[in-house]
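Morning, everyone. Please have the sequence and the model open while I talk.

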Amino acid sequence: MKIAIIGTGYVGLVSGVCLSDFGHEVVCVDKDPAKIDALTHGKVPIYEPGLEDLLARNVEAGRLSFSGDFASAVSSADAVFIAVGTPTRRGDGHADLTFVYEAAEEIGRAITGYTVVVTKSTVPVGTNAEVERRIKAVNPDADFDVASNPEFLREGAAIDDFMRPDRVVVGVSSERAADVLADVYRPLYLRDFPIVVTDLESAEMIKYAANAFLATKITFINEIAALCERVGADVKQVSRGMGLDNRIGNKFLHAGPGYGGSCFPKDTSALARIGQEAGMPMRITEAVMDVNDRVKRRMIDKVIDLCGGQLSDQRIVVYGVTFKPNTDDMRDAPSLTILPALVGQGAEVRVVDPEGRREGETLLPGVTWFDDPYEAATGATAAILLTEWNEFRALDLARLSDRMETPRMADLRNIYDPDAVKAAGFAEYVSVGRA
Ligand code: UDX
C-alpha cells in the first residue's frame, strides 16, 4: 500500500519507519525543510533505540522517503496518517487541535482517489468526526473515510511497541475503511496480534482512558509509598505483594518521583477537560494530576531533609534528568520541578545524564554538566538518583562514597539496597516508600 504520514515528530517518524518495514511504500511529510533534509540523509532528530538503523534500512530498500510536498504525497496515498502534535493548550488544559485540523483541510484539498484519513495523534472524543466535516467542507467531492488509530508507544521502547503491540485499536465508520486498515496492519494480523475494530468515539476514548489509568496506577503506588514511609512499611514489598494478583499486575507499580513525559501529563489534562466540558468531571483523573505534582514537590523536601535542612553550602550530584531512561525527552520530567528548587535554595547542582544534556542545558539553567558519574561526585555532599538509566544501576558505591565529602544518597527510584549502600560507606540513605 501507499501511505503518507503527516508529521515527523516522535509518533509520525516511528510509525512511518515501522509501516515501511511492514513492506508498505511510505512518504513522511513535514513542513520543516531542515527536518526533511536531515531525515533524507538518515539523521534522526530524536533519540529512540534502533530507529536510525531501521530508517536507514527502509530508505535503502526504497520503501521509505521524506518530502515537503504535501499534495503529491497525499494524492497518491491509499491511507494518510495525521501524526501531528496535540500539545496542551496554554491556560485551559485542552488538547490544541490546530495542527490536526490544518492537516485535515490540506489533506482534503489534495485527495484524489478513495483515501482513508487516519488520525494517529491523541485527540479528544469527537475529533475524527470534526476531521470528516472539515474535509467535506474543503472538498465536497472527496471520496474518503476517516479512521482513528491511536498509538500506545512508550518512548525508549517505541519500535518494539509498534512491532509487537498488545493490541491495535482501529476506529472506523465504514467497511471500506476497515478493509484498508486491515491491509495496513496485515503483518500484525497474520501474527495474531489482537486488532480491536470499533467506532470512532470508542477508539478515541480507549487512548485517553488507557493513559489516564496508567497514570492513576503509578500515582496510586506513589501515594501508598508516602504512607509506607510514615508507618514503616516497604513499598517495594507492598508493590510485589499487590502485583502478584493478576487482576492488578506488577507493571507500572514502581514508586518514584512522579510521572512525566509527553503523554501522561497532556492526556490526563485533556481527559479532565473533556469531562468538565461534558458535565461529567473526571474526579479521579483530576486528583491524579494534583497528587502527581505533590509527589514531585515532596522529593524536594526529601533532599532538603537529607542535607540537614538547608542547601546553601551543599554540592549535590544528580544522576539522570530525562523523564525516564532510554530517551532524551525532558517534557514534564520531575527534574524540571526538583532541580530549580535545589539551585534556588543555593545548592551547587551537578548533573550526569547519558542523553539529557542536549535539551537539559536550556531547561535547567544554573547546573553543571558532567559525563563521568565519579568525577561529578568529587566533594559532593549528596547524591540523587533521579532517572534509572542503566549507567546508574550499578555504580561502584564504595568508589562513590570515597569521592564524596559527605556520602549521602537520595535514591528516588529505589534502585539500591539500603544495607549495601550503608556498607559502602554512605552515612545516610533515603529512598521512596521505604523507611
Ligand atoms: C506512555 C504510555 O506507556 C504509552 O503507552 C503511551 O503511548 C505514551 O505514554 P511514555 O510516556 O513514553 O509512554 O513512558 P512510560 O514508560 O509510560 O512512563 C511514563 C512515566 O511514568 C515516566 O515518567 C516513568 O518514570 C513513570 N513511571 C512508569 C513510574 O514512575 N513508575 C512506573 O512503574 C512506570
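**Cavities and the ligand site**

The largest cavity holds about 50 Å³ of space. A word on terms: on a 1 Å grid over the protein atoms alone, a cavity is a set of points where a 1.4 Å probe fits but cannot get out, and lining residues have an atom within 4 Å of a point. Grid points are joined across faces, edges and corners, and the volume is the space filled by probe spheres set on the points.

Before I go on, two notes on the source. This is a predicted model, where local features need pLDDT of at least 70, side-chain atom pairs count only at pLDDT 80 or more, and totals for chains, interfaces and linings use all residues. Residues are numbered from 1 along each chain as its sequence is written, and side-chain values use heavy atoms, with hydrogens and water left out.

How many cavities of 30 Å³ or more does the structure hold? There are 2. Around the largest one you will find, among others, Asn222, Glu229, Arg298 and Val432. Helix 10 and helix 13 (283–306) are the elements that give two or more residues to that lining; helices here are DSSP runs of H or I, at least four residues, numbered from the N terminus. By class, the lining has 5 nonpolar, 3 polar and 3 charged residues. Asp, Glu, Lys and Arg count as charged, Ala, Val, Leu, Ile, Met, Phe, Trp, Tyr, Cys and Pro as nonpolar, and the others, Gly among them, as polar.

The second largest cavity has a volume of about 30 Å³. Its lining includes Thr119, Ser148, Glu204 and Lys207, and divides into 2 nonpolar, 4 polar and 2 charged residues.

Lys207 also brings us to the ligand: one of its polar side-chain atoms lies 3.0 Å from a ligand oxygen atom. Backbone polar atoms do likewise, with Gly260 at 3.0 Å from a ligand oxygen and Phe323 at 3.1 Å from one. Taken alone, the ligand exposes 660 Å², and the protein buries 93% of that; the areas come from the Shrake-Rupley method with a 1.4 Å probe.

Which element gives the most to the shell around the ligand? Helix 10 (residues 200–231) does, with 3 residues. The shell has 9 nonpolar, 3 polar and 6 charged residues. Domain 1 (2–198) and domain 2 (200–435) both contribute to it, so the ligand lies between them; the bounds come from an automatic or database domain assignment.

Terms used: Polar contact = N/O pair within 3.5 Å; in protein donor to acceptor, adjacent residues only side chain to side chain. 1 Å grid on protein atoms, 1.4 Å probe; cavity = no way out; pocket = protein on both sides within 12 Å on 5 of 7 lines; lining within 4 Å.
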